[in-house]
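Please open the model in your viewer and keep the sequence beside it. The tour below moves from one selection to the next and says what is found at each stop.

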Amino acid sequence: MPSKPAPIKKAAKKEPAKEEPAAEPAVEATPAEEAPAEAPPAEAAAAPAEGEAAPAEGEAPAPAEGEAAEAPAPEEPKPPTPPPPKEPTSAPVDLFVEDKNDTSVTIMWSQPENIGPSGLDGYTIEVCKDGTDDWKAVNEDLQKSCRYVIKNLTTGDRLKIRVVAVNEGGRSPPVALPEPVLVKEVADRPKVRLPRFLRQRYVAYVGDKINLTIPFTGKPKPVVSWTKNGEALDTKRVNIRSTERDSILFIRAAEREDSGVYEMCVKVEDFEDKASLTLQIVELPGPPASVKIVDTWGFNVALEWTPPKDNGNTEITGYTIQKADKKTGDWFTVLEHYHRLNATISDLIMGNTYKFRVFSENKCGISESAAVTKEEAKILKTGIDYKPLEYKEHDFSEAPKFTTNLSDRCTTVGYSTKLLCSVRGFPKPKVEWMKNQMVIGDDPKYRQICVQGICSLEIRKPGNFDGGVYSCRAKNDHGEAIISCKLEVKQPPLPDADKK
C-alpha cells in the first residue's frame with residue numbers, strides 16, 4: 001500500500017506543543033535550549049514514517065489522525081561472557097626415588113589426576129637440606145617428562161625433594177618424598193656370575209693364550225681380588241683387568257705351573273661373594289718308564305711295561321704298541337689305545353727276529369718318544385723241517401728284434417730330419433747306425449739316441465750328399481738284426497721358378 005506521510009507530519013507538530021509545557025512549565029526555553037528540545041519530535045516523526053513505509057499489503061493499517069505513534073523500546077545489550085577462571089592443576093602423584101649414587105638422585109612421578117582446562121606446562125623440582133625450609137628449584141626450564149636426575153650433589157647430604165606442576169593458573173600443591181634422601185649410592189650385594197663352562201675344570205694346552213672373562217654385579221663398584229691356591233697371584237705370569245661389570249684373567253702363553261684353583265672375590269662394604277675356577281694346563285706325556293719281553297712261545301710274545309713318569313699333567317688314556325722285523329727295521333702298529341700294562345703279540349712270522357716299542361697317550365695325543373725293548377724276540381722253527389720247492393728261473397734271454405721298422409723319408413737341403421725305430425732283446429742289444437753299409441760312428445753331423453728300446457738318428461741340416469740308404473743294426477750275445485730305409489734329399493725350389 002502507498003505510504004501516508006501527511007498524517008504523520010501533523011502528529012509530529014502537535015506532540016512537542018503539548019509535551020513542552022508539561023516538561024518544564026516555569027522555565028522559558030532559550031534559543032540554545034530549543035534546538036535539542038525540538039530534536040526529539042523530529043526523531044519521533046521520522047520513526048513512524050519509516051515504520052509506515054515498511055509494512056506491505058495485509059499488514060495492520062496505520063494509526064488514525066490525532067493519535068500519537070508509540071516508538072518501540074530498544075533492547076538492552078547483553079554483557080560479554082566472562083572467560084573461565086584459570087586454575088592450577090592438582091598435585092603430582094606417586095613421587096619416588098628410582099636410583100641414586102654418590103653425586104645424583106633420580107626421581108620419578110606421575111602426572112596430576114586433575115589437570116583442568118588450562119592444561120599442564122611442566123614441572124618444577126625443588127630441594128632443600130633436611131632441617132631447613134630453604135627450597136630451591138634445580139631445573140631452570142620446566143621439566144616436561146615425569147623423570148628427572150638431580151645432579152652435582154654432595155655425598156652424605158640429606159635432602160628433601162618435592163615436585164610442583166605448573167600451568168597458566170599457577171603452581172599446583174607440591175608432592176614431596178615422605179622422608180629425606182641420603183645422597184649415597186645404594187649398596188647392592190655383590191654377585192659373581194661365573195660362566196657355565198668355567199664351573200667345570202677348564203683344560204688348555206701348553207702355549208695357549210688364556211683369556212677368561214667373569215662378569216659380576218654390585219653397587220657401588222665392588223673391590224675385586226684374585227688368589228691362586230690360596231696365595232697371591234704372580235703378576236709376571238697372570239694379568240688381571242677389572243671393570244665395573246667384569247674381571248678378566250689373562251695369560252699370554254700358558255705353562256704347566258699355571259695350573260691350579262683360582263679364586264675371585266668381589267666385595268662391597270661388608271658384603272662379599274666368591275667364585276673359584278680350576279685351570280689345568282696339559283701337554284703330551286712322556287714315554288713309558290720301561291718295557292720288557294716276558295716270554296716267547298710259538299708265534300707269540302708277551303710284553304710288560306710301566307706307566308710314564310710324566311703324564312703331561314693329565315691322565316693316561318692308553319698305549320700304542322709297535323713291532324719291527326730285524327731284517328727290514330720298519331715299524332708297524334699292532335695295538336692302539338690299549339689300556340693295560342701288559343699285552344700278548346701274536347701272529348708273528350717263524351724265523352724272524354722282532355723288537356717292540358710302546359708309546360703313551362693322553363688327551364693331547366701320543367708321546368713324542370717311545371720305550372723300546374732291550375732284548376729281541378726270535379721266533380724259532382720248532383718241529384718243522386722246511387724244504388723249499390725247487391724253482392727254475394725263467395730264461396728271459398732273446399735275440400734282438402725290431403718291433404718298429406724304419407720308413408723311407410724325403411727332406412729338403414738344410415732342414416734337419418729324424419729316422420726312428422724300436423728294438424727289443426735281452427741282454428740289452430748294442431745299436432749301430434750305418435750309411436750305405438758304413439758305420440756312422442761319432443760323426444758330429446749325426447745325433448744317435450737309444451732309450452728304452454726307442455732308437456733315433458737325427459741328421460742335422462742335410463746336404464746334397466747326405467741322401468742314401470741308412471741302416472740300424474742291433475746285436476747281442478744271441479744274435480743280431482738289421483733294418484734299412486732310403487733318405488732322399490731334394491733341392492729347395494728356386495725363386496725364379498716360382499715366378500714362372
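A residue is called buried when its relative accessible area is under 20%, exposed when that area is over 50%, and partly exposed in between, with a 1.4 Å probe and protein chains only. The model is predicted, so local features need pLDDT of at least 70 and side-chain atom pairs count only at pLDDT 80 or more, whereas totals for chains, interfaces and linings use all residues. Residues are numbered from 1 along each chain as its sequence is written, and side-chain values use heavy atoms, with hydrogens and water left out.

**First stop: Lys435**

Select Lys435, which belongs to strand S31, residues 430-435; strands here are DSSP runs of E with at least two residues, helices are runs of H or I with at least four, and both are numbered from the N terminus. Is Lys435 buried or exposed? Lys435 counts as buried because its relative accessibility is 18%. Now show its contacts, meaning heavy atoms within 4.5 Å: leaving aside residues up to four places away in sequence, Lys435 touches Ile440, Tyr446, Phe465, Asp466, Gly467, Val469 and Tyr470.

Of these neighbours, keep Asp466 selected, for the side chains of Lys435 and Asp466 meet in a salt bridge at 4.0 Å, N to O. This pair links distant parts of the chain, 31 residues apart, with Lys435 in strand S31 and Asp466 in the loop between strand S34 (454-459) and strand S35 (468-476). Both Lys435 and Asp466 are buried.

**Second stop: other salt bridges**

A salt bridge is a side-chain nitrogen of Lys or Arg within 4 Å of a carboxyl oxygen of Asp or Glu, and a search of the whole structure finds 15 of them. Select Glu126 and Arg171, whose side chains meet in one of these, at 3.0 Å from N to O. Glu126 sits in strand S3 (residues 122-129) and Arg171 in strand S7 (residues 170-171), so that this pair, too, links distant parts of the chain, 45 residues apart. Glu126 counts as buried, at 8% relative accessibility, while Arg171, at 44%, counts as partly exposed.

Arg424 lies in strand S30 (residues 417-426) and Glu398 in strand S28 (residues 398-404), so the pair ties together parts that are 26 residues apart in sequence. Arg424 is partly exposed at 43% relative accessibility, and Glu398 is partly exposed at 28%.

Two strands pair if DSSP finds at least two bridges between them. Which strands form the open sheet, and in what order? Four strands form it in the order S28-S30-S34-S33, with antiparallel pairing. S28 and strand S33 (446-451) stand at the edges with a single partner strand each, so one side of each is left without a neighbour in the sheet. Within this sheet, S28 and S30 pair in the antiparallel sense over four bridges, and the bridge partner of Glu398 in S30 is Phe426.

**Last stop: a hairpin**

Finally, select strand S21 (residues 318-325) and strand S22 (residues 331-338), which run antiparallel and are joined by five bridges. Tyr319 stands opposite Tyr338 in S22. The hairpin of S21 and S22 has five residues between the strands, and Gly329 takes a positive phi near 80 degrees there.
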